[in-house]
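Here are my notes on the model you sent.

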Amino acid sequence: MLVTGVVAGVEAGLLIGRPFSALAVGVPLLVAGGAWLAYLLATQTNRRKPWLLELEREHARAADRFEREPETAARFGIYTVVIWGVTAAAFLAVGSTVGWLWALLPVLLGVATFMLVLARMLFGRPVHGGEQRVRPVP
């Protein structure tokens, strides 16, 4: 809502040319977004329940795979360079041929590929024969 208020205000003020409309549209959305954020911050849940602490410990063991296996971290670094190199080349190629608006598509695909590779490298297969699994949340 905060972003919507700012965008609506700028759009009404600059594109339509009516600054009063910018205030009439943007300020209520901005205030409502701020109130909603304050409510969410004031009513956050207790994150120290026993089952959650146990789940955090399990995830902490799974997330330090790069520290336990330096070869996995090195392989991930190589994959990262390749993914972002190809993404940058595709961004420039698509931007200069098709149009810069379409050039965002290779960036989105690069981010998606990077996140999938990260998930696979961190949580993909068992580590040195040990079973790696995550318990369902009760």
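**Aromatic and charged contacts**

1. One aromatic cluster is made up of Phe66, Phe76, Trp84 and Phe114. Please keep in mind that the model is predicted. Over the whole structure, the search gives four aromatic pairs.

2. One of these pairs is Phe76 with Phe114. The ring centres lie 5.7 Å apart and the planes make an angle of 45°. The pair counts as tilted, because that class takes the angles left between stacked, under 30 degrees, and edge-to-face, over 60.

3. What does the pair of Phe76 and Phe114 tie together? Phe76 belongs to helix α5, residues 70–97, and Phe114 to helix α6, residues 104–123, so the contact links parts that are 38 residues apart in sequence.

4. The partners are Glu69 and Arg65, whose side chains meet at 3.4 Å, N to O. This pair qualifies because the rule asks for a side-chain nitrogen of Lys or Arg within 4 Å of a carboxyl oxygen of Asp or Glu.

5. Where the salt bridge sits also deserves a remark. Glu69 is buried, with 4% relative accessible area, and Arg65 is buried too, at 2%. The salt bridge between Glu69 and Arg65 therefore joins two residues that both count as buried.

Conventions
Residues numbered from 1 in each chain as written. Predicted model: local features only at pLDDT ≥ 70, side-chain atom pairs only at ≥ 80, totals over all residues. Heavy atoms only, no water. Buried < 20%, exposed > 50% of the residue type's maximum accessible area, 1.4 Å probe, protein only. Phe/Tyr/Trp six-rings, centres within 6.5 Å; stacked < 30°, edge-to-face > 60°. Helix = DSSP H or I, 4+ residues; strand = E, 2+ residues; numbered from the N terminus.
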